[in-house]
Amino acid sequence: MEDNKNMSAERSLEIIRESIEKSQKDVTRSTARSMLISGLATIVMSALIGIICVCTKSGTAHLLWFLMPIVIWIGLRWQNRNSVPTPKNYVGMLVGKVWKVFAIVVLTLFACQILWLFFCVRIVNDIQSLETVHLLSTQLILLLMGCAIATTGYVLRSSWLKWCGFICAIGGYLLESYDVPFQFLAHHTSYQTAGFSNAWMPCVIVALFAFVGLVLPGLTLKGKE
Amino acid sequence: MFQPLDPLLHSELRLSIMSLLISAEEAEFPYIKEQTGATAGNLSVQVDKLSAAGYIEVEKTFKGKRPCTICRITPAGLKAFEDYVEALKSYLKV
């Protein structure tokens with residue numbers, strides 16, 4: 001670009017319009033890619049954990065959720081490996097922070113739950129307490145994830161995403177509170193199968209919510225490009 | 001009556017830098033270089049001019065072992081840009 005100081009008012013406006021358009025396009029592309037990678041990484045991780053749970057017939061594989069931030073970080077680093085770093089903007093940062101808060105709350109509660117389990121089983125040998133205290137349940141994950149999706153909808157000014165978030169949060173919370181998935185499975189299969197679904201069902205739900213809350217908005221933003 | 005245009009902003013490259021920074025919170029030097037198509041030397045001179053005027057803030061840091069220059073617009077830069085666009089309107093009779 002030349003350093004022309006005698007440009008016309010029309011040319012000035014054209015430069016402003018072109019630069020703002022370019023910058024916004026790049027920011028949108030970068031936000032869309034980050035959302036897609038985070039969503040796809042979550043879905044792949046859910047599938048992996050779900051399959052391991054079914055194969056090993058135990059819920060120990062859920063410990064792999066702690067690797068989730070590392071997997072997403074590697075994915076984002078891989079995405080930006082050869083490209084010129086795109087600028088940061090408030091929308092992208094806000095969406096990122098909403099999901100960061102969600103991940104921190106859920107993983108911290110999950111860590112507390114594991115510590116509580118360790119305390120009950122190994123230290124005081126009181127299995128009864130395990131049944132009464134549920135620090136992190138599927139309905140709480142649904143509620144938090146629904147809120148994160150609705151907030152993302154507000155930030156991105158997407159009505160359908162806002163409503164998806166509300167429906168997911170309230171609908172998911174009510175369905176889980178009344179044990180509808182368990183009753184449905186128990187009715188169609190057996191109580192044993194339904195009981196075992198506690199190990200893999202959260203993976204299916206997280207994958208579904210990651211698709212609605214991260215992959216779909218990512219694709220929508222990519223479409224807007 | 002035509003309003004005077006800020007001479008610091010009334011230059012293709014500096015106006016382009018300011019316009020890129022206006023819609024982003026911050027941008028790295030290689031990104032601005034790629035978008036404006038300017039040479040590193042020329043861009044560096046214009047960035048220094050904008051920084052000296054207090055229109056942008058330049059942060060020199062490291063990304064791993066590589067030096068990294070981050071530019072962001074300041075409130076004074078934002079005000080100057082708004083005034084510039086207002087002044088442009090008088091030329092275009094908007």
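In what order do the elements of chain B run from the N terminus on? In this predicted model, for which local features require pLDDT of at least 70 and side-chain atom pairs pLDDT 80 or more, whereas totals for chains, interfaces and linings draw on all residues, the elements of chain B follow the order α-β-α-α-β-β-α. Residues are numbered from 1 along each chain as its sequence is written, chains are lettered from A in the order in which they are written, and side-chain values rest on heavy atoms, with hydrogens and water left out.

Chain B contains four helices and three strands, assigned as DSSP runs (helices H or I, at least four residues; strands E, at least two), and its C-alpha trace spans about 55 × 25 × 20 Å along the principal axes. Of its 94 residues, 49% are buried, that is, under 20% relative accessible area with a 1.4 Å probe and protein chains only. Among contacts (heavy atoms within 4.5 Å) in chain B with a separation of 6 or more, 56% involve residues 24 or more positions apart.

In chain A, a nonpolar surface patch of about 1,100 Å² includes Leu143(A), Trp163(A) and Leu174(A); patches comprise residues with over 30% relative accessible area and no salt bridge, nonpolar side chains being joined within 5 Å, and a salt bridge places a side-chain nitrogen of Lys or Arg within 4 Å of a carboxyl oxygen of Asp or Glu. Helices H5 (138-156) and H6 (159-177) of chain A each supply at least two patch residues, and H6(A) gives the most, with seven. Leu174(A) lies in helix H6 of chain A.

Key: Patches are made of residues with over 30% relative accessible area and no salt bridge: like charges are joined within 9 Å, nonpolar side chains (Val, Leu, Ile, Met, Phe, Trp, Tyr) within 5 Å. Accessible areas come from the Shrake-Rupley method with a 1.4 Å probe; for residues, only the protein chains shown count as cover. Buried means under 20% relative accessible area, exposed over 50%, partly exposed in between (1.4 Å probe, protein chains only).
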